[in-house]
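Subject: Structure handover

Hello,

Here is the structure for your files. My notes follow below it.

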Amino acid sequence: MSTFELSYFEIPGRAEATKLLFLHSGVPHEIKDVKWTEWEKVQMTAPFGQLPYIVETKEDGSKFILGESHAIERYIARKYGYLGKDLQEAAFLDSICDNGNAMTEKFFTRFDLEGEAKEKAAENFLQVVLPKYIKYQEEILSKNGNNGFYLRDEFTLAEFLNAQMIRIVNAYSGEELFSSSKSPALWKMVQNVQNHPGFASYIKNNDVKLKEYSKVFLK
């Protein structure tokens, strides 16, 4: 069996779905938290000069190094059965993940801006991006019985990615943009993930980090 090393910053962000995939699948893995003081050195050897990246060590000792968060997520999800049963289900789940990633990217856009541009980006997210995301995701989840899963009652990459992105957006916005009243089907999905016994320790630690790093975004 392969073993993995995942390198990413200490802050909850682009490696969340991969961490949950490792935990749920039981794949042997090590998480390497990269401190800001180490980043300049790590960047010199990281694929594309960025994080996250994984190093897979196979049974024969050979290594496979992969960068880019979405490529990593899909590779692990395909390898261990978290992208549905066939190509059609995989494409369906890919579309849900892409939609979640697009929502999150637009949320973080404001933090790279200043003044009026920042205010407009925040307003666009709240009035356009967020309602649209909630509307379509709620519709998709309702078609599967509002059980908090996208396919049957199975965990897939889509649950792990969207649930953690929702938790991050809530924490870094300082508001309950997602809740049981505002987005019941999505919130049910979040509850499915964060209440899973296999994630208890990770979620507890993740909550501490979200609270700590939210202070950076709420300045």
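At which residues does UniProt place the feature "domain: GST N-terminal"? The unreviewed UniProt entry puts it at residues 2-84. UniProt positions are given in the numbering used here, feature names are shortened, and annotations may be inferred rather than shown by experiment.

Before the rest, some ground rules. This is a predicted model: local features need pLDDT of at least 70, side-chain atom pairs count only at pLDDT 80 or more, and totals for chains, interfaces and linings use all residues. Residues are numbered from 1 along each chain as its sequence is written, and side-chain values use heavy atoms, with hydrogens and water left out.

Residues 2-84
The end C-alpha atoms of this span lie 21 Å apart. The span is 31% helix and 28% strand. Helices (H or I, at least four residues) and strands (E, at least two) are DSSP runs, numbered from the N terminus.

Helix α1
Seven of the 10 residues of α1 (residues 16-25) are buried, so the helix is largely enclosed by the rest of the structure. Buried means under 20% relative accessible area, exposed over 50%, partly exposed in between (1.4 Å probe, protein chains only). The buried residues are E16, A17, T18, K19, L20, L21 and F22. Their packing partners include β1 (3-9), β2 (29-34) and α8 (200-217). G26 follows α1 and has a positive phi, near 75°.

Two domains
The domain assignment gives domain 1 (3-80) and domain 2 (87-218); such bounds come from an automatic or database assignment. The contact (heavy atoms within 4.5 Å) takes 18 residues from domain 1 and 22 residues from domain 2. The domain centres, taken over C-alpha atoms, are 21 Å apart. About 1800 Å² is buried between the domains, and carbon and sulfur atoms give 63% of that. Buried area is the accessible area (1.4 Å probe) that two parts lose on being put together, summed over both. In domain 1, P12, L20 and R74 lose the most area to domain 2, together 33% of what that side buries.

K209
K209 sits in helix α8. K209 is buried, with a relative accessible area of 16%. Its side chain reaches the backbone oxygen of E10 at 3.5 Å. Leaving aside neighbours within four places in sequence, K209 is in contact with E10, P12 and D33.

Helix α4
α4 (residues 87-109) has 23 residues. Its buried residues pack against α3, α5 (115-143) and α6. Among them are L93, I96, M103 and F107.

Best wishes

Definitions and conventions. Expected span 1.5 Å × (residues − 1). Polar contact = N/O pair within 3.5 Å; in protein donor to acceptor, adjacent residues only side chain to side chain.
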